[in-house]
Amino acid sequence: MSSKEKPTLGGQRIKTRKRNIAAPLDTASFSDAIVQIYLDNAGDLELVAKSIESSDLNFSRYGDTFFEVVFIGGRTQPGTIKPEEEGDRHPYSVLDCAAQREAILPYILYIQKTLRRRPFLIKNLENVMRKFLQSLEFFEENERKKLAIFTALAFSQKLSGLPPETVFQPLLKDNLVSKGIVLLFITEFFKEYLKDNTLDDLIALLKKGKMEDNLLEFFPSAKRTSEALSEHFTKEGLTSLVEYNEKKMFEVKLKDIKSTLKTMISEESEISEVTEAVKQQVKDAKFPDIEVVRMLWDVLMDAVQWSGKNQQQNSNSALRQVTSWAGLLNAFCTSGRLELELIYKVQTQCYEDAKLMKLFPEIIRTLYDQDVLAEDTILLWFRKGSNSKGR
């Protein structure tokens, strides 16, 4: 007997995966769920953090929305900072609190705790902060102050992984800078940050944000001068920042003058031509005369062609350089005080540089013979004016 094969249905039966129906599947539902957590806990950030930690909401998909709810109490309209008209909101956001560090600091600690649990959210925090900072003009003045305090505290408390360039670079939009909005924001930021940190900490932060040499870029173009910077930050009580900027400007101008002088020396330009060029740059930069004397000596010695360990050749080269350019030194050593400063400079270098260790008396004698140093200056230095280094 033969048995007929029974017909069967083809294909494969797919088992449907179970899904957690509590997890929202769209931005609006997610936002409403976060808002409800705030409302259920009456804005108590400790309780809110615990509820969020135990929730099964899809933070990896809606991280930006989460921080929008943290900052403004609800989600924003796509591409803007305007609150979405539909959907729930809560009154416990960063922008709803007082513009004081005591009111804003708990939000920093709350976000810090959330980031420890979900470190991937740092990228979403960057996104939202960048969007808000690029749109500062659409916030009220008091709201901008709150954002500045929040940002300063975020760095002061070392909020996990937040890169400084996220904050500083978006601020450089021309329309924000030209209206003076950026200057007011960054001023509040500096004042708040320096309450807990040193100037060196601030400079290090600016350096990471690629802004340590560009403080003037925060100023409108019409006020982009060192004088305007000094006046503004002095008025705001940030004198340490003024001193830092003056030092940086001094270093930049010094570098420019040194570069010009080195080039002219290497090209063996006429002393009169070099003197006029240096005098003009010194006048433009408002350089102190003592600094000019120190700089001239440094550049002249840097331009010497040293010959390794041959002490005699080094001595001859140094003395030849002093003799050749004595006229330049004489043009700027116009008083006993400046002559004395030159002796101090020579003495210190001879003490610190092995190549010149035994050459000090000969250099001084050469400067005297070339009428750069007066006899009275040398005697004054000998009696009571000498530097302790190499005494």
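These notes cover one arginine, the nonpolar cores and the aromatic pairs.

**Ground rules.** I am working from a predicted model, where local features need pLDDT of at least 70, side-chain atom pairs count only at pLDDT 80 or more, and totals for chains, interfaces and linings use all residues. Residues are numbered from 1 along each chain as its sequence is written, and side-chain values use heavy atoms, with hydrogens and water left out.

**Entry 1: Arg118.** I found Arg118 in the loop between α4 (101-117) and α5 (122-134). Helices here are DSSP runs of H or I, at least four residues, numbered from the N terminus. Is Arg118 buried or exposed? Arg118 is buried, meaning under 20% relative accessible area with a 1.4 Å probe, protein chains only. I looked for a salt bridge (a side-chain nitrogen of Lys or Arg within 4 Å of a carboxyl oxygen of Asp or Glu). Arg118 has none; Glu53, the nearest side chain of opposite charge, is 7.1 Å away. For charge, Lys and Arg count as positive and Asp and Glu as negative; His and the chain ends are not counted. I did note a polar atom of the Arg118 side chain 3.4 Å from the backbone oxygen of Ile52. Leaving aside neighbours within four places in sequence, Arg118 contacts Ile52, Glu53, Ser55 and Phe59; contact means heavy atoms within 4.5 Å.

**Entry 2: cores.** I counted as a nonpolar core a set of buried Ala, Val, Leu, Ile, Met, Phe, Trp, Tyr and Cys residues joined through side-chain atoms within 4.5 Å. The largest holds 74 residues. Phe66, Phe67, Phe71, Tyr110, Leu125, Phe190 and Phe218 touch the most other members. A second, separate core of 44 residues includes Phe287 and Leu319. I then checked Phe71: beyond four places in sequence, its partners include Leu95, Leu125, Met129 and Phe150.

**Entry 3: aromatic pairs.** I get 17 aromatic pairs. Rings of Phe, Tyr and Trp (its six-membered ring) pair if their centres lie within 6.5 Å; planes under 30 degrees apart count as stacked, over 60 as edge-to-face and the rest as tilted. Why is the pair of Phe155 and Phe168 stacked? The ring centres are 6.5 Å apart and the planes at 10°, so the pair is stacked. Phe155 sits in helix α6 (residues 141-156) and Phe168 in helix α7 (residues 165-168), so this pair ties together parts 13 residues apart in sequence. Phe168 also pairs edge-to-face with Phe189, at 5.7 Å centre to centre and 85° between the planes. Phe189 is in helix α9 (residues 181-193), so that pair ties together parts 21 residues apart in sequence. Phe189 is buried, with a relative accessible area of 0%. Ring pairs link Phe155, Phe168, Phe189, Phe190, Tyr193, Phe219 and Phe233 into a cluster.

Notes
Helices (H or I, at least four residues) and strands (E, at least two) are DSSP runs, numbered from the N terminus. Buried means under 20% relative accessible area, exposed over 50%, partly exposed in between (1.4 Å probe, protein chains only). A polar contact is a pair of N or O atoms within 3.5 Å; within protein, one must be able to donate a hydrogen and the other to accept it, and residues adjacent in sequence count only if both atoms are side-chain atoms.
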